[in-house]
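Trainee: Could we go through the salt bridges in this one? Please show me the model before we start.

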Amino acid sequence: MDRNSIIGLLLIGAILVTFSILNQPTKEEVEALERRRDSLELVEKKHAEEAREAIRAQQDQSTMAQTELTDSAKLQLRTDTLGAFANAAEGKDEYFTIENEKLKLTISSKGGRVVTAELKDYVTWDSLPLILFEEDRSDFGLRFFSGNRLINTSQLYFRPMGSSFEIKGEE
């Protein structure tokens, strides 16, 4: 490097250092920014608490309104919401098993979805049964329109013919 390059680099470095020193915020500016940030946090906390209280009040009102409904009003509400599927809106969540030599499926009556699926001929690396998916890791529901109403099958209860059955051979 020649003498001019070294002088140029030193001048650039001096400009950068001087610029960063001159543009530092003062203590008063830092304190003002901290006060503003703290006051904004307090306001946000206050608004969040008010929103939580409003949501709780709405939930309490809707719970009270639901408990005050008579059975006929509940049936009318379900019929208005689900149309022909109103009878399937209430039920008990039960589990049913379909099994053969290679596969074991557990199906829930709520939503008619497969809850667990196990392959019998296979094991995991640590010799446990190979379960393809479990209830907490699966979500399945069909959405469709019927009579201008949105129906979601994951909210309906299905009634199977039996509690469990096995399929063997040529069946």
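Mentor: Helices here are DSSP runs of H or I with at least four residues, strands are runs of E with at least two, and both are numbered from the N terminus. This is a predicted model: local features need pLDDT of at least 70, side-chain atom pairs count only at pLDDT 80 or more, and totals for chains, interfaces and linings use all residues. Residues are numbered from 1 along each chain as its sequence is written, and side-chain values use heavy atoms, without hydrogens and water.

Trainee: How far apart are the closest N and O atoms of glutamate 49 and arginine 52?

Mentor: They are 2.9 Å apart, and the pair forms a salt bridge, that is, a side-chain nitrogen of Lys or Arg within 4 Å of a carboxyl oxygen of Asp or Glu.

Trainee: How many salt bridges does this rule give?

Mentor: The count is five. Another one joins arginine 37 to glutamate 41, at 4.0 Å from N to O.

Trainee: And how exposed is arginine 37?

Mentor: Arginine 37 is partly exposed at 47% relative accessible area (buried is under 20%, exposed over 50%, partly exposed in between, with a 1.4 Å probe and protein chains only).

Trainee: Turning to lysine 102, which residue is its salt-bridge partner?

Mentor: Aspartate 121 is the partner, with closest N and O atoms 3.7 Å apart. This pair links distant parts of the chain, 19 residues apart: lysine 102 sits in the loop between strand 1 (95–99) and strand 2 (103–108), and aspartate 121 in strand 3 (residues 114–123).
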